[in-house]
Amino acid sequence: MAFTSKIIFGIVLAFTALAYFFRFKKEIPNFWVSFFIFFTFGVVLSLIGFILFDIKPVFAYVFPLPAFILIFNYLADFRTAIIAAFIIPLIYGGVFLGNFEIAFTHFISTLLVNFLIYQRKDFTVYLLGSLLAGGVNFAVLFALDFNFRSLPRILGLLLSSGIYSLAFLLISGLLLMFFKNYIKQVSFLELLNLADLNHHLLRRLLQKTPGTYYHSLLVADLSEQAAKAVEADSLLARVGAYFHDIGKLKNPEYYTENQKKKDIYKGMNPKKAAAIVIAHVKEGVEIARKYQLPKAIIQIIAEHHGRTITPLFFTQAARQKLKMKLGDFRYPGPQPQSKESAIVMLADSVEAASRSLKKLDDANIRKLIDKIIKDKFYQGELEDSSLTSKDLSKIQKAFFRVLKGAFHRRISY
Ligand SMILES: [Fe+2]
Ligand SMILES: [Fe+2]
(Lines give C-alpha, C1' and ligand atoms only; values in the text may rest on other atoms or scores of the structure.)
(Ligands and ions follow the chains in the order given, each with its own letter.)
Protein backbone atom coordinates (compact mmCIF):
# COMPACT_ATOMS: atom_id res chain seq x y z
CA MET A 1 0.00 0.00 0.00
CA ALA A 2 1.37 3.40 -0.97
CA PHE A 3 2.37 5.80 1.79
CA THR A 4 -0.32 8.33 0.81
CA SER A 5 -2.98 5.63 0.88
CA LYS A 6 -1.87 4.68 4.38
CA ILE A 7 -2.10 8.29 5.54
CA ILE A 8 -5.60 8.72 4.10
CA PHE A 9 -6.66 5.39 5.56
CA GLY A 10 -5.27 6.44 8.95
CA ILE A 11 -7.13 9.76 8.87
CA VAL A 12 -10.41 8.03 8.02
CA LEU A 13 -9.96 5.59 10.91
CA ALA A 14 -9.01 8.32 13.38
CA PHE A 15 -12.00 10.33 12.25
CA THR A 16 -14.32 7.34 12.75
CA ALA A 17 -12.98 6.82 16.26
CA LEU A 18 -13.36 10.51 17.11
CA ALA A 19 -16.89 10.48 15.73
CA TYR A 20 -17.75 7.53 17.94
CA PHE A 21 -16.26 9.01 21.09
CA PHE A 22 -17.85 12.42 20.75
CA ARG A 23 -21.20 11.17 19.56
CA PHE A 24 -21.53 8.99 22.67
CA LYS A 25 -19.50 11.09 25.08
CA LYS A 26 -22.15 11.13 27.80
CA GLU A 27 -22.71 7.40 27.72
CA ILE A 28 -19.11 6.18 27.80
CA PRO A 29 -17.88 5.44 31.33
CA ASN A 30 -14.44 6.86 32.17
CA PHE A 31 -14.65 8.88 28.98
CA TRP A 32 -11.34 10.75 29.04
CA VAL A 33 -9.26 7.82 30.26
CA SER A 34 -10.84 5.55 27.64
CA PHE A 35 -10.39 8.17 24.93
CA PHE A 36 -6.74 8.75 25.77
CA ILE A 37 -5.90 5.05 25.99
CA PHE A 38 -7.72 4.32 22.76
CA PHE A 39 -5.51 6.63 20.74
CA THR A 40 -2.33 5.83 22.67
CA PHE A 41 -2.90 2.13 22.07
CA GLY A 42 -3.73 2.78 18.42
CA VAL A 43 -0.36 4.41 17.87
CA VAL A 44 2.00 2.76 20.39
CA LEU A 45 0.87 -0.81 19.75
CA SER A 46 1.00 -0.25 16.02
CA LEU A 47 4.59 0.99 16.32
CA ILE A 48 5.47 -2.13 18.28
CA GLY A 49 3.80 -4.21 15.57
CA PHE A 50 5.77 -2.31 12.95
CA ILE A 51 9.06 -3.17 14.64
CA LEU A 52 8.04 -6.81 15.18
CA PHE A 53 7.00 -7.14 11.55
CA ASP A 54 10.38 -5.84 10.51
CA ILE A 55 12.16 -8.46 12.61
CA LYS A 56 9.98 -11.32 11.40
CA PRO A 57 6.50 -10.85 9.87
CA VAL A 58 4.96 -13.68 11.89
CA PHE A 59 5.74 -11.79 15.13
CA ALA A 60 3.17 -9.18 14.12
CA TYR A 61 0.56 -11.95 13.92
CA VAL A 62 1.30 -13.44 17.30
CA PHE A 63 1.54 -10.13 19.13
CA PRO A 64 -1.46 -10.37 21.52
CA LEU A 65 -3.26 -7.22 20.46
CA PRO A 66 -6.69 -8.41 21.78
CA ALA A 67 -5.29 -8.50 25.34
CA PHE A 68 -4.86 -4.72 25.20
CA ILE A 69 -8.18 -4.02 23.57
CA LEU A 70 -9.96 -6.11 26.19
CA ILE A 71 -9.38 -3.37 28.76
CA PHE A 72 -12.08 -1.22 27.13
CA ASN A 73 -14.63 -3.81 28.14
CA TYR A 74 -13.77 -3.12 31.77
CA LEU A 75 -12.78 0.52 31.62
CA ALA A 76 -15.52 1.80 29.33
CA ASP A 77 -18.24 -0.52 28.09
CA PHE A 78 -18.98 -3.31 25.68
CA ARG A 79 -19.77 -0.98 22.80
CA THR A 80 -16.48 0.89 23.10
CA ALA A 81 -14.67 -2.45 23.23
CA ILE A 82 -16.33 -3.53 19.99
CA ILE A 83 -15.42 -0.26 18.28
CA ALA A 84 -11.85 -0.71 19.52
CA ALA A 85 -11.89 -4.28 18.20
CA PHE A 86 -12.60 -2.87 14.73
CA ILE A 87 -10.44 0.19 14.62
CA ILE A 88 -7.24 -0.61 16.52
CA PRO A 89 -6.42 -3.77 14.48
CA LEU A 90 -7.12 -1.80 11.31
CA ILE A 91 -4.67 0.90 12.38
CA TYR A 92 -2.18 -1.77 13.42
CA GLY A 93 -2.44 -4.00 10.36
CA GLY A 94 -3.78 -1.67 7.69
CA VAL A 95 -2.16 1.70 8.35
CA PHE A 96 1.16 0.67 9.85
CA LEU A 97 1.87 -2.63 8.15
CA GLY A 98 -0.21 -2.32 5.00
CA ASN A 99 -1.32 -5.86 5.66
CA PHE A 100 -5.03 -6.56 6.04
CA GLU A 101 -4.52 -10.21 6.86
CA ILE A 102 -2.92 -9.19 10.12
CA ALA A 103 -5.70 -6.72 10.79
CA PHE A 104 -8.25 -9.47 10.18
CA THR A 105 -6.52 -11.98 12.50
CA HIS A 106 -6.54 -9.55 15.40
CA PHE A 107 -9.94 -8.17 14.62
CA ILE A 108 -11.62 -11.59 14.69
CA SER A 109 -9.97 -12.79 17.88
CA THR A 110 -10.65 -9.49 19.67
CA LEU A 111 -14.26 -9.58 18.64
CA LEU A 112 -14.76 -13.14 19.88
CA VAL A 113 -13.01 -12.52 23.17
CA ASN A 114 -15.20 -9.47 23.74
CA PHE A 115 -18.33 -11.49 23.08
CA LEU A 116 -17.17 -14.08 25.60
CA ILE A 117 -16.21 -11.62 28.32
CA TYR A 118 -19.35 -9.47 27.95
CA GLN A 119 -20.94 -8.80 31.38
CA ARG A 120 -19.08 -11.69 32.96
CA LYS A 121 -15.98 -10.65 34.73
CA ASP A 122 -14.82 -13.72 36.60
CA PHE A 123 -11.49 -15.41 36.20
CA THR A 124 -12.75 -18.56 34.41
CA VAL A 125 -14.23 -16.51 31.59
CA TYR A 126 -11.04 -14.58 31.39
CA LEU A 127 -8.97 -17.77 31.17
CA LEU A 128 -11.30 -19.10 28.47
CA GLY A 129 -10.84 -15.80 26.67
CA SER A 130 -7.10 -16.28 26.46
CA LEU A 131 -7.54 -19.84 25.15
CA LEU A 132 -10.10 -18.64 22.63
CA ALA A 133 -7.81 -15.86 21.41
CA GLY A 134 -4.97 -18.38 21.06
CA GLY A 135 -7.26 -20.83 19.25
CA VAL A 136 -8.50 -18.23 16.77
CA ASN A 137 -4.95 -17.06 16.20
CA PHE A 138 -3.96 -20.63 15.40
CA ALA A 139 -6.90 -21.17 13.06
CA VAL A 140 -6.24 -18.00 11.09
CA LEU A 141 -2.50 -18.59 10.84
CA PHE A 142 -3.16 -22.16 9.81
CA ALA A 143 -5.55 -21.02 7.10
CA LEU A 144 -3.07 -18.46 5.81
CA ASP A 145 -0.28 -21.00 5.86
CA PHE A 146 -2.41 -23.59 4.12
CA ASN A 147 -0.08 -24.34 1.21
CA PHE A 148 2.91 -25.02 3.37
CA ARG A 149 1.40 -27.51 5.73
CA SER A 150 3.92 -29.81 7.38
CA LEU A 151 4.05 -31.28 10.85
CA PRO A 152 6.93 -29.13 12.15
CA ARG A 153 5.20 -26.06 10.77
CA ILE A 154 1.92 -26.96 12.50
CA LEU A 155 3.77 -27.64 15.74
CA GLY A 156 5.44 -24.27 15.35
CA LEU A 157 2.05 -22.64 14.92
CA LEU A 158 0.69 -24.46 17.96
CA LEU A 159 3.62 -23.29 20.02
CA SER A 160 3.25 -19.69 18.90
CA SER A 161 -0.48 -19.76 19.65
CA GLY A 162 0.26 -21.18 23.09
CA ILE A 163 2.69 -18.35 23.76
CA TYR A 164 0.06 -15.98 22.44
CA SER A 165 -2.49 -17.29 24.97
CA LEU A 166 -0.05 -16.94 27.84
CA ALA A 167 0.98 -13.45 26.78
CA PHE A 168 -2.67 -12.58 26.48
CA LEU A 169 -3.32 -13.67 30.05
CA LEU A 170 -0.29 -11.86 31.39
CA ILE A 171 -0.85 -8.59 29.56
CA SER A 172 -4.58 -8.34 30.23
CA GLY A 173 -3.97 -9.25 33.89
CA LEU A 174 -1.36 -6.51 34.25
CA LEU A 175 -3.59 -3.98 32.52
CA LEU A 176 -6.51 -4.83 34.76
CA MET A 177 -4.31 -4.37 37.80
CA PHE A 178 -2.96 -1.10 36.49
CA PHE A 179 -6.40 0.36 35.82
CA LYS A 180 -7.95 -1.17 38.93
CA ASN A 181 -9.10 2.17 40.29
CA TYR A 182 -11.12 2.97 37.22
CA ILE A 183 -12.82 -0.37 37.05
CA LYS A 184 -16.00 -0.37 39.05
CA GLN A 185 -17.29 -3.73 38.08
CA VAL A 186 -17.34 -6.54 40.53
CA SER A 187 -17.13 -10.20 39.64
CA PHE A 188 -20.26 -12.14 38.92
CA LEU A 189 -19.39 -14.78 41.53
CA GLU A 190 -18.73 -12.20 44.20
CA LEU A 191 -22.18 -10.74 43.58
CA LEU A 192 -23.83 -14.13 43.50
CA ASN A 193 -22.43 -14.88 46.96
CA LEU A 194 -23.80 -11.59 48.29
CA ALA A 195 -27.19 -12.11 46.68
CA ASP A 196 -27.81 -14.79 49.29
CA LEU A 197 -30.05 -13.33 51.97
CA ASN A 198 -28.12 -15.28 54.59
CA HIS A 199 -25.33 -12.74 54.61
CA HIS A 200 -24.60 -11.76 58.20
CA LEU A 201 -25.44 -8.09 57.62
CA LEU A 202 -28.79 -8.91 56.01
CA ARG A 203 -29.70 -11.25 58.87
CA ARG A 204 -28.93 -8.44 61.30
CA LEU A 205 -30.98 -6.05 59.23
CA LEU A 206 -33.95 -8.42 59.49
CA GLN A 207 -33.58 -8.82 63.26
CA LYS A 208 -32.84 -5.25 64.24
CA THR A 209 -34.67 -3.29 61.55
CA PRO A 210 -37.36 -5.45 59.95
CA GLY A 211 -38.96 -2.39 58.34
CA THR A 212 -35.75 -1.50 56.53
CA TYR A 213 -35.22 -5.13 55.61
CA TYR A 214 -38.54 -5.51 53.83
CA HIS A 215 -38.14 -2.08 52.28
CA SER A 216 -34.77 -3.25 50.88
CA LEU A 217 -36.28 -6.45 49.46
CA LEU A 218 -38.83 -4.49 47.48
CA VAL A 219 -36.20 -1.95 46.41
CA ALA A 220 -34.18 -4.94 45.18
CA ASP A 221 -37.08 -6.26 43.08
CA LEU A 222 -37.69 -2.82 41.62
CA SER A 223 -34.00 -2.24 40.89
CA GLU A 224 -33.42 -5.63 39.33
CA GLN A 225 -36.32 -5.31 36.89
CA ALA A 226 -35.42 -1.72 36.01
CA ALA A 227 -31.78 -2.69 35.42
CA LYS A 228 -32.89 -5.54 33.17
CA ALA A 229 -35.07 -3.14 31.19
CA VAL A 230 -32.13 -0.85 30.39
CA GLU A 231 -29.54 -3.63 30.07
CA ALA A 232 -27.61 -2.54 33.13
CA ASP A 233 -26.08 -5.09 35.52
CA SER A 234 -29.25 -6.40 37.19
CA LEU A 235 -27.44 -8.55 39.74
CA LEU A 236 -25.36 -5.59 40.88
CA ALA A 237 -28.50 -3.48 41.19
CA ARG A 238 -30.26 -6.19 43.22
CA VAL A 239 -27.37 -6.74 45.61
CA GLY A 240 -26.74 -3.00 45.92
CA ALA A 241 -30.38 -2.58 46.91
CA TYR A 242 -30.13 -5.29 49.57
CA PHE A 243 -27.32 -3.39 51.24
CA HIS A 244 -28.21 0.22 50.44
CA ASP A 245 -29.60 1.06 53.90
CA ILE A 246 -27.34 -1.03 56.17
CA GLY A 247 -26.29 2.26 57.77
CA LYS A 248 -29.68 2.20 59.50
CA LEU A 249 -28.45 -0.61 61.73
CA LYS A 250 -26.87 2.08 63.88
CA ASN A 251 -30.05 3.93 65.02
CA PRO A 252 -32.94 1.86 63.62
CA GLU A 253 -35.67 3.63 65.57
CA TYR A 254 -35.01 6.92 63.78
CA TYR A 255 -36.28 5.73 60.43
CA THR A 256 -39.97 5.80 59.54
CA GLU A 257 -40.10 2.21 58.34
CA ASN A 258 -38.96 0.97 61.77
CA GLN A 259 -40.75 3.43 64.02
CA LYS A 260 -43.05 2.05 66.64
CA LYS A 261 -43.98 5.35 68.20
CA LYS A 262 -44.73 8.04 65.68
CA ASP A 263 -43.20 11.11 67.24
CA ILE A 264 -39.59 10.25 67.88
CA TYR A 265 -38.52 13.54 66.33
CA LYS A 266 -41.07 15.61 68.25
CA GLY A 267 -39.43 18.58 69.91
CA MET A 268 -36.08 17.76 68.35
CA ASN A 269 -34.24 20.47 66.47
CA PRO A 270 -34.87 19.75 62.76
CA LYS A 271 -31.20 20.32 62.03
CA LYS A 272 -30.23 17.64 64.50
CA ALA A 273 -32.92 15.29 63.20
CA ALA A 274 -31.67 15.77 59.63
CA ALA A 275 -28.11 15.06 60.73
CA ILE A 276 -29.19 11.74 62.27
CA VAL A 277 -31.06 10.65 59.15
CA ILE A 278 -28.34 11.78 56.77
CA ALA A 279 -25.72 9.91 58.80
CA HIS A 280 -27.08 6.52 57.65
CA VAL A 281 -25.23 6.95 54.36
CA LYS A 282 -21.86 7.46 56.01
CA GLU A 283 -22.54 4.70 58.57
CA GLY A 284 -23.51 2.38 55.72
CA VAL A 285 -20.26 3.01 53.89
CA GLU A 286 -18.31 2.38 57.10
CA ILE A 287 -20.11 -0.90 57.83
CA ALA A 288 -19.69 -2.01 54.21
CA ARG A 289 -15.96 -1.30 54.36
CA LYS A 290 -15.67 -3.20 57.64
CA TYR A 291 -17.34 -6.21 56.05
CA GLN A 292 -15.26 -5.81 52.91
CA LEU A 293 -18.16 -5.52 50.52
CA PRO A 294 -17.07 -4.89 46.91
CA LYS A 295 -16.37 -1.34 45.83
CA ALA A 296 -19.34 -1.31 43.45
CA ILE A 297 -21.72 -2.01 46.36
CA ILE A 298 -20.09 0.61 48.60
CA GLN A 299 -20.57 3.06 45.79
CA ILE A 300 -24.29 2.32 45.59
CA ILE A 301 -24.59 2.80 49.35
CA ALA A 302 -22.74 6.12 49.19
CA GLU A 303 -24.74 7.40 46.24
CA HIS A 304 -28.26 6.21 46.95
CA HIS A 305 -29.44 9.61 48.19
CA GLY A 306 -27.11 11.59 45.95
CA ARG A 307 -27.03 15.26 46.92
CA THR A 308 -30.74 15.49 47.70
CA ILE A 309 -32.29 17.45 50.56
CA THR A 310 -34.29 15.84 53.36
CA PRO A 311 -37.51 17.72 52.61
CA LEU A 312 -39.37 17.01 55.84
CA PHE A 313 -36.82 18.51 58.24
CA PHE A 314 -36.01 21.32 55.88
CA THR A 315 -39.65 22.40 55.74
CA GLN A 316 -39.91 22.07 59.52
CA ALA A 317 -36.88 24.25 60.02
CA ALA A 318 -38.21 26.79 57.55
CA ARG A 319 -41.55 26.83 59.34
CA GLN A 320 -39.87 27.36 62.70
CA LYS A 321 -37.85 30.17 61.07
CA LEU A 322 -34.59 28.61 62.30
CA LYS A 323 -31.25 29.99 61.28
CA MET A 324 -29.97 27.38 58.84
CA LYS A 325 -28.00 26.55 55.76
CA LEU A 326 -29.40 24.41 52.98
CA GLY A 327 -26.26 22.31 53.32
CA ASP A 328 -27.42 21.14 56.78
CA PHE A 329 -30.21 19.21 55.11
CA ARG A 330 -28.29 17.87 52.16
CA TYR A 331 -26.98 14.33 51.77
CA PRO A 332 -23.22 14.33 51.19
CA GLY A 333 -23.41 12.58 47.81
CA PRO A 334 -21.84 11.99 45.38
CA GLN A 335 -24.63 11.79 42.86
CA PRO A 336 -25.12 8.37 41.25
CA GLN A 337 -22.18 7.67 38.98
CA SER A 338 -23.53 4.54 37.32
CA LYS A 339 -26.80 3.30 35.89
CA GLU A 340 -27.15 0.76 38.70
CA SER A 341 -26.60 3.37 41.37
CA ALA A 342 -29.16 5.73 39.85
CA ILE A 343 -31.67 2.90 39.54
CA VAL A 344 -31.32 2.03 43.23
CA MET A 345 -31.81 5.71 44.10
CA LEU A 346 -35.02 5.86 42.07
CA ALA A 347 -36.30 2.50 43.35
CA ASP A 348 -35.59 3.55 46.93
CA SER A 349 -37.61 6.77 46.58
CA VAL A 350 -40.42 5.03 44.73
CA GLU A 351 -40.72 2.34 47.39
CA ALA A 352 -40.64 4.83 50.25
CA ALA A 353 -43.26 7.07 48.64
CA SER A 354 -45.50 4.17 47.67
CA ARG A 355 -46.09 3.37 51.31
CA SER A 356 -48.07 6.56 51.79
CA LEU A 357 -50.19 5.92 48.72
CA LYS A 358 -53.85 5.73 49.73
CA LYS A 359 -55.53 4.69 46.53
CA LEU A 360 -53.71 1.83 44.88
CA ASP A 361 -55.13 2.13 41.38
CA ASP A 362 -53.02 2.11 38.22
CA ALA A 363 -53.30 5.82 37.58
CA ASN A 364 -52.09 6.69 41.08
CA ILE A 365 -49.15 4.32 40.96
CA ARG A 366 -48.13 5.69 37.57
CA LYS A 367 -48.40 9.27 38.77
CA LEU A 368 -46.24 8.55 41.79
CA ILE A 369 -43.46 6.87 39.79
CA ASP A 370 -43.55 9.61 37.20
CA LYS A 371 -43.28 12.32 39.82
CA ILE A 372 -40.30 10.73 41.56
CA ILE A 373 -38.33 10.13 38.39
CA LYS A 374 -39.03 13.67 37.19
CA ASP A 375 -38.05 15.17 40.55
CA LYS A 376 -34.69 13.40 40.58
CA PHE A 377 -34.13 14.25 36.95
CA TYR A 378 -34.84 17.97 37.39
CA GLN A 379 -32.74 18.12 40.55
CA GLY A 380 -29.88 17.00 38.31
CA GLU A 381 -29.30 13.86 40.38
CA LEU A 382 -29.19 11.62 37.30
CA GLU A 383 -26.69 13.73 35.34
CA ASP A 384 -23.65 11.51 35.89
CA SER A 385 -25.48 8.21 35.66
CA SER A 386 -25.48 7.90 31.84
CA LEU A 387 -29.19 7.04 31.91
CA THR A 388 -30.96 8.42 28.85
CA SER A 389 -34.55 9.66 28.77
CA LYS A 390 -35.43 6.52 26.84
CA ASP A 391 -33.95 4.50 29.72
CA LEU A 392 -36.03 6.48 32.19
CA SER A 393 -39.25 5.59 30.48
CA LYS A 394 -38.26 1.91 30.44
CA ILE A 395 -37.44 2.14 34.15
CA GLN A 396 -40.80 3.74 34.78
CA LYS A 397 -42.61 0.83 33.14
CA ALA A 398 -40.55 -1.74 35.03
CA PHE A 399 -41.27 -0.02 38.37
CA PHE A 400 -44.96 0.00 37.57
CA ARG A 401 -45.05 -3.74 36.92
CA VAL A 402 -43.21 -4.58 40.14
CA LEU A 403 -45.18 -2.18 42.33
CA LYS A 404 -48.47 -3.38 40.96
CA GLY A 405 -47.48 -6.95 41.73
CA ALA A 406 -46.46 -5.98 45.26
CA PHE A 407 -49.72 -4.12 45.91
CA HIS A 408 -51.70 -6.97 44.51
CA ARG A 409 -50.12 -9.28 47.08
CA ARG A 410 -50.84 -6.80 49.88
CA ILE A 411 -54.49 -6.59 48.96
CA SER A 412 -55.15 -10.24 48.25
CA TYR A 413 -53.66 -11.84 51.33
FE1 LIG B 1 -31.37 5.39 52.54
FE1 LIG C 1 -33.83 3.06 51.48
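**Exercise 1. Into which domains is the protein chain divided, and over which residues?**

Keep in mind that this is a predicted model: local features need pLDDT of at least 70, side-chain atom pairs count only at pLDDT 80 or more, and totals for chains, interfaces and linings use all residues. Residues are numbered from 1 along each chain as its sequence is written, while chains are lettered from A and ligands numbered from 1 in the order in which they are written.

Solution. 
- Step 1: the protein chain splits into domain 1 (3-182) and domain 2 (188-406), with bounds from an automatic or database domain assignment.
- Step 2: the centres of domain 1 and domain 2, taken over C-alpha atoms, sit 41 Å apart.
- Step 3: along the principal axes, the C-alpha atoms of the protein chain fill a box of roughly 85 × 45 × 40 Å.

**Exercise 2. How many helices and strands does the protein chain have?**

Solution. 
- Step 1: the tally is 19 helices and 0 strands; helices (H or I, at least four residues) and strands (E, at least two) are DSSP runs, numbered from the N terminus.
- Step 2: of the 413 residues in the protein chain, 41% are buried. Buried takes 20 or more other C-beta atoms within 10 Å of a residue's own, exposed takes 12 or fewer, and partly exposed is in between, with C-beta atoms placed from the backbone.
- Step 3: take contacts between residues at least 6 apart in sequence, and 74% of them join residues at least 24 apart. Being in contact means that the C-beta atoms, placed from the backbone, lie within 7 Å.

**Exercise 3. Work out how α1 and α6 pack.**

Solution. 
- Step 1: the axes of α1 (residues 3-23) and α6 (residues 78-96) come within 10 Å and cross at roughly 165°. Axes are lines fitted to C-alpha atoms, for helices over the stretch in contact, and angles run from 0 to 180 degrees between N-to-C directions.
- Step 2: that makes α1 roughly antiparallel to α6 (under 35 degrees is roughly parallel, over 145 roughly antiparallel, 65 to 115 roughly perpendicular, the rest oblique).
- Step 3: the crossing is left-handed, a label for a near helix turned anticlockwise from the far one by less than a right angle; clockwise is right-handed.
- Step 4: K6, F9, G10, L13, T16, A17 and Y20 of α1 meet I83, I87, L90, I91, G94 and V95 of α6. By class, that contact has 9 nonpolar, 3 polar and 1 charged residues. Nonpolar covers Ala, Val, Leu, Ile, Met, Phe, Trp, Tyr, Cys and Pro; charged covers Asp, Glu, Lys and Arg; the others, Gly among them, are polar.

**Exercise 4. Now do α13 and α15.**

Solution. 
- Step 1: the axes are 9 Å apart, at an angle of about 55°, so α13 and α15 are oblique to each other.
- Step 2: α13 passes α15 in a right-handed crossing.
- Step 3: L236, V239, G240 and F243 of α13 make the contact with A296, I297, I300 and I301 of α15. It has 7 nonpolar, 1 polar and no charged residues.

Technical notes
Contact = placed C-beta atoms within 7 Å.
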